[in-house]
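The reader may wish to keep the structure in view throughout.

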Amino acid sequence: MTGDQLAEYDARGGASTFGMVTSDRTHRGATAYQQFDNGGIYSTDGWTFTVTGTLYRRYLAAGGMGGYLNAPIGDVRTGSTGITYQSFKGGQLTTPDYWDSPPPTTPAGGAKYTYPTLSSGSTGDYVRAVQAKVGAPIDGRYGASTVAAVRAFQQAQGIPVTGTVDLRTWARIMSSPNRVFDGTNGRLAPEQLTIVAPNWTLPTDAAQAFLAMQDKFRRDTGGTFTLNDAYRPFDRQVQLFVAYGAPRASVPGTSNHGDATTGAIDISLERDDATYRWLLANAILFGFGQSAYQNSSEPWHWQHTY
């Protein structure tokens, strides 16, 4: 080990935390990593993060760097609702399984999760969200193909096979990872994403522009941006839609936070504070801007399409 990885190894307790070395330093794509009995250290896009303990074992069971999760983009976090989780370029791991039955009813921020029972004949955006997660044609109509896909999903999850999306099935839909990386909204491949801050990524073109903009912000003000949202994978789009509903949350698969060309970010700021005024004067130099709606209603939201 050298450099940042050695510093991380020492800072985290060395052998008492990680155990014995089980692999040489390895490179895969943009990531250099080294693995141990009880953890791994991963360096990607100039950031270094660790995966240890139970989450590490679950990460390896999912294929590690060679699986759908790919590289970690942050360290372990504990949210306000008690969920312990770690984010990766390809998804998220939680322990204990936050979404397992019964799933939560009230997330942070005062919203309320709704889990409508869906069955043959149901229609609408909740059906579309389910169809996207279980691999059925996405048309918003709960027909025979959706029933079959839900039954197959339930069987694979080891829960009662009914063809109906009940509370227990919602729990598994919310916790099941996105394993489709076809470049569509919320389903960008890990190789299309660059880490811009712990736990946040952006499509690479937008990421490069954002990092250049942040570098100027740092030179001008001495500070850095605090992000509240950036690229939003499909799983998170489903979670937010079930929590907030339309129009506050976008229908899964349509969020501008999930688009490969948009590069949407939410920056922690208040209208007319110093950060907001700096962005009004400088963001356009880096291709970031706002629509009239965002300028009036969401001053924190900026997109790399301008």
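Two strands are taken to pair if DSSP finds at least two bridges between them. The model discussed here is a predicted one. Under that criterion, strand β8 (residues 193–197) pairs with strand β9 (residues 200–203) in the antiparallel sense, over four bridges. Within this pair, L193 stands opposite P203 in β9. The two strands β8 and β9 form a hairpin with two residues between them. In its turn, N199 has a positive phi of about 80°.

Strands of a sheet pair through backbone hydrogen bonds, either parallel or antiparallel. An open sheet of four strands has the order β1-β2-β3-β4, with antiparallel pairing. Its edges are β1 (26–28) and β4 (47–52); each has a single partner strand, so one side of each is left without a neighbour in the sheet. Neighbouring strands of this sheet are turned against each other by 25° on average, direction ignored. Strand β3 (residues 39–44) and β4 run antiparallel and are joined by six bridges. Across this pairing, G40 stands opposite V51 in β4. Two helices pack on the sheet. Helix α1 (residues 3–11) touches β2 (31–36), β3 and β4, and its direction makes about 145° with that of β3. Helix α3 likewise touches β2, β3 and β4, its direction making about 95° with that of β4.

A further open sheet consists of three strands in the order β5-β6-β7, again with antiparallel pairing. Here β5 (77–78) and β7 (91–94) stand at the edges, each with a single partner strand, so that one side of each has no neighbour in the sheet. Two bridges join β5 to strand β6 (residues 84–88), and these two strands run antiparallel. In β6, T84 is the residue that T78 stands opposite. Helix α3 (residues 53–61) lies across β6 and β7, running at about 135° to β7.

Attention now turns to the helices. Two packed helices are described by the angle between their axes and the distance between the axes. The axes of helix α5 (residues 144–157) and helix α6 (residues 167–175) come within 11 Å and cross at roughly 80°. Because angles of 65 to 115 degrees count as roughly perpendicular, α5 is roughly perpendicular to α6. The contact is made by F153, Q154 and Q157 of α5 together with T169, R172 and I173 of α6. By class, this contact of α5 with α6 has two nonpolar, three polar and one charged residues. The buried residues of α6 are T169, W170, A171, R172, I173 and M174. These buried residues pack against α4 (125–134), α5 and α8 (234–244).

The aromatic residues complete the picture. Rings of Phe, Tyr and Trp pair if their centres lie within 6.5 Å, and by this rule the count comes to 16 aromatic pairs. For W47 and F49, the ring centres are 6.3 Å apart and the planes are at 5°, so the pair is stacked. W47 counts as partly exposed, at 28% relative accessibility, whereas F49 counts as buried, at 4%. Elsewhere, Y113, Y115, Y126, W170 and F241 form one aromatic cluster. W170, a member of that cluster, is also one of the buried residues of α6.

Notes
Residues are numbered from 1 along each chain as its sequence is written. This is a predicted model: local features need pLDDT of at least 70, side-chain atom pairs count only at pLDDT 80 or more; totals for chains, interfaces and linings use all residues. Side-chain values use heavy atoms; hydrogens and water are left out. Contact means heavy atoms within 4.5 Å. Axes are lines fitted to C-alpha atoms, for helices over the stretch in contact, and angles run from 0 to 180 degrees between N-to-C directions. Angles under 35 degrees count as roughly parallel, over 145 as roughly antiparallel, 65 to 115 as roughly perpendicular and the rest as oblique. Ala, Val, Leu, Ile, Met, Phe, Trp, Tyr, Cys and Pro count as nonpolar, Asp, Glu, Lys and Arg as charged, and the others, Gly among them, as polar. Buried means under 20% relative accessible area, exposed over 50%, partly exposed in between (1.4 Å probe, protein chains only). Rings of Phe, Tyr and Trp (its six-membered ring) pair if their centres lie within 6.5 Å; planes under 30 degrees apart count as stacked, over 60 as edge-to-face and the rest as tilted.
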